[in-house]
Amino acid sequence: MTAALINVPRKARRGDIIEIKTLMSHVMEPGYRRTAAGDLLPRDIITSFACRYNGEEIFRADFFPAIAANPFLSFFTAAKESGKFEFEWVGDNGFSESASSSITVE
Amino acid sequence: MGMRHSPTTTRRKFLGLAGSAAVGGAVPIVTMRSVDATPAMLNAAIRNLVGEAPVRTGKVKLDIPPLVENGNTVPMTVSVESPMTADDHVKSIYVFNEKNPQPNVGNYYIGPRAGRAQISTRIRLADSQKVVAIAQLSDGSFWSATADVVVTLAACTDEVI
């Protein structure tokens with residue numbers, strides 16, 4: 001049901017730099033394309049993404065129409081403690097999706 | 001240059017124009033121009049970010065293929081040389097383009113907790129053009145890297161079949 005794909009290591013050692021990969025299913029209609037009849041397709045994109053690690057925001061991004069459909073994003077963080085990563089995507093036309101992933105830090 | 005002015009590109013531009021004309025009646029070529037960002041718009045967008053501050057070349061690495069067949073999804077990685085400590089880290093990374101309808105691609109806000117200043121994503125390129133990545137460090141300085149990409153199939157402004 002969920003439109004998100006998240007890849008976070010399940011386990012890490014304290015201080016490890018880990019890669020977080022995310023993909024959200026979305027058309028990312030840029031708002032510049034026209035139908036064969038000449039009608040402009042209105043913009044419909046994800047405009048922002050945020051990641052929280054145990055409640056603290058560790059990464060944020062603004063997206064523009066130049067981001068490809070089904071936005072993929074990978075970034076890094078230092079594994080600090082066991083807990084939860086929460087991901088949030090917000091966009092045009094009231095788009096709002098979230099996902100989460102947990103990690104054990106030893 | 002050969003790629004940019006291939007028969008395919010010309011036909012696409014023509015179709016785009018035909019599309020605009022169908023809506024607006026006698027729409028001059030200027031309409032198509034206004035849809036394309038220009039190097040001036042790229043510079044304005046960068047100035048808007050950095051203000052009067054100098055943007056130095058270096059520290060930033062922009063990995064993007066020099067030749068892409070499909071501008072609809074172009075893999076890109078930006079990394080910045082930084083110890084990523086509380087005193088010396090990358091605050092944010094900004095990516096711009098020269099010839100898409102608008103100059104912004106994405107803004108990424110990181111910080112010392114990232115450990116590594118690197119992001120990867122997939123972008124759209126509407127034409128062969130320059131892509132610019134700018135990093136702002138914790139001391140406020142701006143650093144950049146630029147890459148030229150040749151695109152054979154453009155994204156964004158194409159007609160939908």
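1. Conventions. Residues are numbered from 1 along each chain as its sequence is written, and chains are lettered from A in the order in which they are written. Because the model is predicted, local features need pLDDT of at least 70 and side-chain atom pairs count only at pLDDT 80 or more, while totals for chains, interfaces and linings use all residues; side-chain values use heavy atoms, without hydrogens and water.

2. Extent of the interface. Chain A places 35 residues in contact with 32 residues of chain B, contact being heavy atoms within 4.5 Å. About 3,000 Å² is buried between the two chains, and carbon and sulfur atoms give 54% of that area; buried area is the accessible area (1.4 Å probe) lost on putting two parts together, summed over both. A:Tyr32, A:Ala66 and A:Phe76 supply 22% of what chain A buries against chain B, more than any other three residues.

3. The rule finds one salt bridge between chain A and chain B, a salt bridge being a side-chain nitrogen of Lys or Arg within 4 Å of a carboxyl oxygen of Asp or Glu. A:Glu56 forms a salt bridge with B:Arg113, with the closest N and O atoms 2.7 Å apart.

4. The nonpolar cores. The largest nonpolar core has 57 residues, and those with the most contacts inside it include A:Phe49, A:Phe85, B:Ile64 and B:Tyr108. A nonpolar core is a set of buried Ala, Val, Leu, Ile, Met, Phe, Trp, Tyr and Cys residues joined through side-chain atoms within 4.5 Å; buried means under 20% relative accessible area (1.4 Å probe, protein chains only). Leaving aside neighbours within four places in sequence, B:Tyr108 is in contact with residues of chain A, among them A:Phe59, A:Phe63 and A:Leu73, and of chain B, including B:Ile93 and B:Ile119. A second, separate core of nine residues includes B:Ile46, B:Tyr94, B:Phe96 and B:Ile134.

5. B:His89. This residue lies in the loop between β4 (74-80) and β5 (90-97) of chain B, strands being DSSP runs (E, at least two residues) numbered from the N terminus. B:His89 counts as buried because its relative accessibility is 10%. The side chain of B:His89 reaches the backbone oxygen of B:Thr85 at 2.8 Å.

6. B:Pro101. The loop between β5 and β6 (104-109) of chain B holds B:Pro101, which is buried at a relative accessible area of 8%. Its C-alpha atom is separated by 21 Å from that of B:Leu62, 39 residues apart along the chain.

Key:
Buried means under 20% relative accessible area, exposed over 50%, partly exposed in between (1.4 Å probe, protein chains only). Helices (H or I, at least four residues) and strands (E, at least two) are DSSP runs, numbered from the N terminus. A polar contact is a pair of N or O atoms within 3.5 Å; within protein, one must be able to donate a hydrogen and the other to accept it, and residues adjacent in sequence count only if both atoms are side-chain atoms.
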